[in-house]
Amino acid sequence: MGTYRLTTLVMAPPDRVFDLWTNLDRMKEWVGGVTKVTNVTGPITEPGTRYTVWFGGMKSQTEVIEVERPWRYRTRFGNWLLRGENSTTFEAEGAGTRVVEEFQSEGFVPGLMARIFATGSFRGSFQGELNAFAKIAEGDAAAA
């Protein structure tokens, strides 16, 4: 099991950042390879809600396990390739929001894949996706 902690500062208020983070229709804008989200069982901001994230033909089941709007969002996700928990906090910092994301992988193959995705800040890496998210959130805030 590996644990990876990522952070970025988004120049937008926490409620706006949280709302974008939990917008499943827009997830594919910053999470590399996501093609669609299906089978949503309830409100995305309620623990127990489940949904399926598709990466082409490969799917990943996700369950919301903790929500404290707009400060915390935690999910359990996975398939044979990558699985574990994701915990994200949204902390007010000056005129923006500090987003802190922590991944905990489970299992040998998922641990190896998490290590690959946690290395560097290229577009498909965890940090690259977080950086892309920040740009989208800041663009949305500027347009509002």
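Leaving aside its neighbours within four places in sequence, which residues is T22 in contact with? In this predicted model, T22 is in contact (heavy atoms within 4.5 Å) with I44, T45 and Y73. T22 lies in the loop between helix 1 (14-21) and strand 2 (36-38), and its relative accessibility of 9% makes it buried (under 20% relative accessible area, 1.4 Å probe, protein chains only). Helices (H or I, at least four residues) and strands (E, at least two) are DSSP runs, numbered from the N terminus.

The model is predicted, with local features needing pLDDT of at least 70 and side-chain atom pairs pLDDT 80 or more, while totals for chains, interfaces and linings use all residues. Residues are numbered from 1 along each chain as its sequence is written, and side-chain values use heavy atoms, without hydrogens and water.

Seven aromatic pairs are present in the structure (Phe, Tyr or Trp rings, the six-membered one for Trp, with centres within 6.5 Å; planes under 30 degrees apart are stacked, over 60 edge-to-face, the rest tilted). The W21 and F90 rings, with centres 5.9 Å apart and planes at 70 degrees, form an edge-to-face pair. W21 belongs to helix 1 and F90 to strand 6 (residues 83-93), so this pair ties together parts 69 residues apart in sequence. W21 is buried at 14%, and F90 is buried at 1%. W21 also pairs edge-to-face with F133, with ring centres 4.8 Å apart and planes at 85 degrees. This second pair links helix 1 to helix 3 across 112 residues. Ring pairs join F18, W21, W30, Y73, F90 and F133 into a cluster.

Technical notes: Buried < 20%, exposed > 50% of the residue type's maximum accessible area, 1.4 Å probe, protein only.
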